[in-house]
Amino acid sequence: MTAERTVLARARTDAADCLVEADEPLAGLQRRCGGELPGTVAIPQLLEAVSKARAMGLKLARSITASDGEETIRAWVEIAPQDSAGGGGCAISVGSWQSAPRAAEPDADVAARRIMIDRAVAELTARLDPAQRPLVVEVSAPDLGELAQKLRDGRDRPWSEWLTFPDVARHQPLHWRLLDGARCRAPGSDRIWTVTLVPLGHPEPGSAGFELLLVADTPLADAPEPVEADDPGLSGFGRELTPVLRPPIARIIANAETIRSRLAGPLAEEYSNYAADIAAAGQHLLSLVEDLADLDIVDSDGFVTAPDPIDLADVARRAVGILGMRAQAKIITLTAPPVGESLPATGEFRRVLQILLNLVGNAIAYSPAGSRVTLALEKQAGSALVTVADQGPGLEHNQAARIFEKFERLGRSGDGGSGLGLYISRKLARAMGGDLTVSSAPGEGARFTLTLPSDD
């Protein structure tokens, strides 16, 4: 430390970056950040600087920022590595110290991050319409198989009718605000579940439906094995690896989100960014696992669908509602068939919705900001058609010929996709007696058309 600079505090670390001794206020910050004295340096930016100085054998002087949960501290530190006679650690001098009350994080940000964590660990997820009736149900817990089947078979009834709520005294139908955060029991499960209901739509929450998440209070003692009650028996990857990979990946995502959002305690910004990268990579890996599971299903010899009479216009409007927020984030306008328009078709509801979500999701991903994605209906003899048209860059002729091939990504290496979505979608369409085709030209966008049988 130079003569011109006042030393406010001194500290010393050993060769293992353990804080051996420290003056106040550094000692207090060490404890408030969850560390001990002596103990490993618990202040992230200080630990990084000490490790670097010791490893390189060079003096370092820099400003560090830390948070103890109540205040944000900015300090100037000078770090000098010591030789083996001095313990092989570093001598630390603190030259300035400024603290200010930590700015409170907006409630909306806290709520959004908690929802992201619940999404990662939820063992049942569902999309509900504005009347809380289930549209799509996905389950990854064996003890929720019975509930999942009831929800899929009872799409004309609110989801909450199939569960019991010991802490909610009111009778059905229950307002969504009473259900959000409620504890419940599900048929076939001995565990207690906590409900997260995410209202969709603006300005009236819930006007576009809800996202339902069920999170267990306790994990299963045995490794969970996902139940897909209305799918044929899985084989290969889907049966063997998917139930094994889903839970640990979900936990990785949840833990990373907890770290990123600083719910477990104060953390330097760069470490929060590292955790965000881990969570994003986990989400990517989980989506690949889900795609490979779907691939195993549609490629199995016994794969069949369960077609029912559906309204293709209604399914198209639901797909637009589900992806509306994603489109708004990219400043893309989604145009759905107008309310009141109907187009009868024959197909399995959730599979048709899965196809349209893939098509609309792709259109949003590859369309420029300010453009439009349109879903248009058409009726032909014995067939019902819905076309998803975008204003993106379009496809070359050879690209259009390959786009439905397995693992085909047309050279796009950084979009996080698996190259399986369109392959799976076409397989599903053909399994329902229909087809999925594309027409496109460079600079003219792309038009994906789903064709389904129709008795009308």
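Modeller: Helices, of at least four residues, and strands, of at least two, are DSSP runs numbered from the N terminus. Keep in mind that this is a predicted model.

Biologist: Where is I331 found?

Modeller: Helix 10 covers residues 324-329 and strand 13 covers 333-335. I331 falls in the loop between helix 10 and strand 13.

Biologist: Is I331 buried or exposed?

Modeller: A residue counts as exposed when its relative accessible area is over 50%. I331 has a relative accessibility of 60%, so it counts as exposed.

Biologist: What is phi of I331 near?

Modeller: Most residues other than glycine have a negative phi. I331 is not a glycine, yet its phi is positive, near 60°.

Biologist: Which loop holds Q132, and is Q132 buried or exposed?

Modeller: Q132 also has a positive phi without being a glycine, at about 65°. Its loop is the one between strand 7 (124-128) and strand 8. Buried means under 20% relative accessible area. Q132 is at 8%, so Q132 counts as buried.

Biologist: How far apart should the ends of helix 11 be, and how far apart are its end C-alpha atoms?

Modeller: Helix 11 covers residues 349-365, which is 17 residues. At 1.5 Å a residue it should span 24 Å. The end C-alpha atoms agree with this, since they are 24 Å apart.

Biologist: How many residues of helix 11 are buried?

Modeller: Helix 11 is largely enclosed by the rest of the structure. The reason is the count of its buried residues: of 17, the buried ones number 13.

Biologist: At what angle do helix 11 and helix 13 pack?

Modeller: Helix 13 covers residues 421-431, and its axis is 10 Å from that of helix 11. The crossing of helix 11 and helix 13 is left-handed. Their packing angle is about 145°.

Biologist: How do the residues of the contact of helix 11 with helix 13 divide?

Modeller: Helix 11 contributes R351, Q354, I355, N358, L359 and N362. Helix 13 contributes G421, L422, I424, S425, L428 and A429. By type, the contact residues divide into six nonpolar, five polar and one charged.

Biologist: With which residue does E138 form a salt bridge?

Modeller: Side chains of opposite charge can pair when their charged atoms come close. In this pair the closest N and O atoms are 3.9 Å apart. E138 is in strand 8 (residues 134-139), and its partner is in helix 11, 212 residues apart in the chain. The partner is R350.

Biologist: Is R350 buried or exposed?

Modeller: E138 has a relative accessibility of 35%, so it counts as partly exposed. R350 has a relative accessibility of 10%, which makes it buried.

Biologist: What parts does the pair of R183 and D217 tie together?

Modeller: The side chains of R183 and D217 meet in a salt bridge, 2.5 Å from N to O. The two residues are 34 apart in sequence. So the pair ties together strand 9 (residues 183-185) and the loop between strand 11 and helix 6.

Biologist: Which residues do salt bridges that share partners join into one network?

Modeller: The count of salt bridges comes to 14. Some of these share partners, and one such network consists of E123, D143 and R191.

Biologist: Which residues does A120 touch?

Modeller: A120 is in helix 3 (residues 107-121). Its relative accessible area is 6%, so A120 is buried. Leaving aside residues up to four places away in sequence, A120 touches A250, I253 and A254.

Note on methods
Residues are numbered from 1 along each chain as its sequence is written. This is a predicted model: local features need pLDDT of at least 70, side-chain atom pairs count only at pLDDT 80 or more; totals for chains, interfaces and linings use all residues. Side-chain values use heavy atoms; hydrogens and water are left out. The expected span of a helix is 1.5 Å times one less than its number of residues. Buried means under 20% relative accessible area, exposed over 50%, partly exposed in between (1.4 Å probe, protein chains only). Axes are lines fitted to C-alpha atoms, for helices over the stretch in contact, and angles run from 0 to 180 degrees between N-to-C directions. A crossing is left-handed if the near helix is turned anticlockwise from the far one by less than a right angle, and right-handed if clockwise. Contact means heavy atoms within 4.5 Å. Ala, Val, Leu, Ile, Met, Phe, Trp, Tyr, Cys and Pro count as nonpolar, Asp, Glu, Lys and Arg as charged, and the others, Gly among them, as polar. A salt bridge is a side-chain nitrogen of Lys or Arg within 4 Å of a carboxyl oxygen of Asp or Glu.
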